[in-house]
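The exercises below ask the reader to examine a two-chain structure step by step, with a worked solution after each task.

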Amino acid sequence: MRAIRLRLNGELACGLGLLALFAVVAICAPLLAPYDPHAFTSQPLERPGPAHPLGANDVGQDILSELIYGARVSLAIAASAATGTVALGTLVGGAAGYTGGWLDELSMRLVDVLMTLPRLPLLILLAAFLGAGPVQTATTIALLFWPATARVIRARVQALRQRGYVRMARGFGGGPGYVLLRHILPEIGPLAAAALVTAAGRAVAMEAGLAFLGLGDPTAKSWGLMIRFALNLSGLLLTDRWLWWLLPPGVCITLLILALTFTGMGLERAWHPGLEHL
Amino acid sequence: MMLRQVSRHLPQRLAGYLLTLWIVLTVNFLLPRLLPGDPLAALLDPQNSDYVFDAEVRATLEAYYGLDRPLPEQYARYLTGAVTGDLGRSIRLNQPVGELIASHLPWTLLLTLTALGLASLLGVWGGAAAAWKRGSFTDRALAAASVVIGNTPVYFVGMMLLILFGARLRWLPLAGGRTPFAHYDTLPAAVADVGKHLLLPALTLALAMVGAKFLLVRNSMVGVLGENFMLVARAKGLSAGRLKWAHALRNAILPFVAHLAAHASMAITGAVFIETLFSYPGMGRLIFEAVGARDYPVIQGVFLVVSMVVLTANLLADVLNARLDPRLREA
């Protein structure tokens, strides 16, 4: 297998650094969080103080602990939904690009249909009928977001198929399984990795958005749900409470999405230096 | 290049959109009926927590879904209903879904079209200006700002604007599409009130979309500026303004128009969040409230109509594309 060389650039370093930070927070959540995020540890709506650096929410749970545990929810959904999206996209795109013919025609029609449909209303419809939960959220995101990956992978596989060494391997009797594993897969690896990071960014945004709309897991301590509960308190925006209740989860969601976007941009730049903006 | 090839065949595109519409209708029909747990039957089952107590509403629900009939007959009835505008009755409001949508759709169209216009103007103008001075500090700052703002959740941007202009400075109203119970004596007064309520939501949605438009126009313009015909135009001694706007932008705008269809879908996504945040009386707010009340006919109706709006926008973008780019009209 060809070794993938990766030159670190600004975007990549910035993105990966932030991602590592979020990952550490998520993994070490029990060590870092001052309280159990589900426990009622103070008076409702307590203001920030030495015991509760970011105060407490409307039922008396520590906001800082909620925030720290929220990283787990976001990263778990991002990882599972993105893996599903890219696996499905690579499978469909790879099969379509490699075999061509009616399979290609059919799957690309399906891609067209899914890419034109308004995704959020469809996601809301699915969530309304399938119920809210981490598994449902990750599955529906994967089912709706694979077409972008499939399109990219298909184009690449189609181009690879015409390469001399691939045609030679097939001429010497290499079956589709052998050729795909030995020659095609290593070539589309970087592409799939970039798609994975992009899909993870979308998944974070979608998960937080669904939670904000009340379609997430109501028991999970996610950032989107924190924003939803904060906004439910009437008059929140008129006091200064938004500073420690609304701003931190919003900033966390944004930073995580930006970290994934920067990593994606960095990967693209590291692998295709020629594509750099003029 | 691929986009251009595709839009060469408008009739083929139209057939594709009709196929998509049929798939939307079928998904809408099958989804609640094939799922385990039978969410529709739950509405009519006295043992279930979702049971609808109002006998009149229950009767209309039973008549609309017709769950006791064979599946093909239900499907035929559903399709005829959808074609004639019968989308069922809202469980929560006991009102025809068609009527509800008719009263909410104009608000969403007002919001999304205003935001699209605003974002397009800013994106095209900023993108062209940045490409003209490519590599400058302004160019880099605008590109970085576009990435950041494009990746910030739209409801978070909306909240910050709401806190600043609504709660702190008190320049603009916090929520709604117009002042409740307001009675307007003159048309300008009505327009001013609606405009005042529209400003923040539209600005938020425009901000969410402007980054992508800016980057698209900027990069396409940078490509055009390097073309030979630009060198010739410059050699003819044309003014900078004519070079930039009449020669370069005219060509650089084509990919932007080609992406307009994708922007329609983006605008709808943004509108759902923004209408929820600002309590704006559009389709997004309608579907949000329907989700909370498990009002299935409304959720399905909104999904169908929003899909139709997006498909129409796609078709319009194809036609506009063919008109703007003479190369697409041949063949």
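**Exercise 1: the interface**

Between the two chains, 42 residues of chain B are in contact with 32 residues of chain A, where contact requires that the C-beta atoms of two residues, placed from the backbone, lie within 7 Å. This is a predicted model, in which local features need pLDDT of at least 70 and side-chain atom pairs count only at pLDDT 80 or more, while totals for chains, interfaces and linings use all residues. Residues are numbered from 1 along each chain as its sequence is written, and chains are lettered from A and ligands numbered from 1 in the order in which they are written.

Solution. Helices are taken as DSSP runs of H or I with at least four residues, strands as runs of E with at least two, both numbered from the N terminus. The helices of chain B that each supply at least two residues to this side include H2 (10-34), H9 (187-225) and H14 (296-324). For the complex, the predictor gives an ipTM of 0.84 and a pTM of 0.85.

**Exercise 2: the nonpolar core**

Task: find which residues of the largest nonpolar core touch the most other members, and trace the contacts of A:Ile124.

Solution. A nonpolar core is a set of buried Ala, Val, Leu, Ile, Met, Phe, Trp, Tyr and Cys residues joined through C-beta atoms within 7 Å. A residue is buried if 20 or more other C-beta atoms lie within 10 Å of its own, exposed if 12 or fewer, and partly exposed in between. Of the 160 residues in the largest core, A:Ile124, B:Leu205, B:Ile299 and B:Val302 touch the most other members. Leaving aside neighbours within four places in sequence, A:Ile124 is in contact with A:Leu213 and A:Leu215 as well as with B:Ile287, B:Val291 and B:Ile299. B:Leu205 is also among the residues that B:Val154 touches beyond four places in sequence, and the C-alpha atoms of this pair, 51 residues apart along the chain, are separated by 7.1 Å. B:Val154 itself, found in helix H8 of chain B, counts as buried because it has 24 C-beta neighbours inside 10 Å.

**Exercise 3: confidence**

Task: locate where confidence in chain B is lowest and where it is highest.

Solution. The predictor's confidence in each residue, pLDDT, runs from 0 to 100. Chain B has a mean of 83, and 94% of its residues reach 70 or more. Confidence is lowest in helix H1 (residues 2-6), at a mean of 46, and highest in H6(B), at 91. Where pLDDT is low, the predicted coordinates should not be read in detail.
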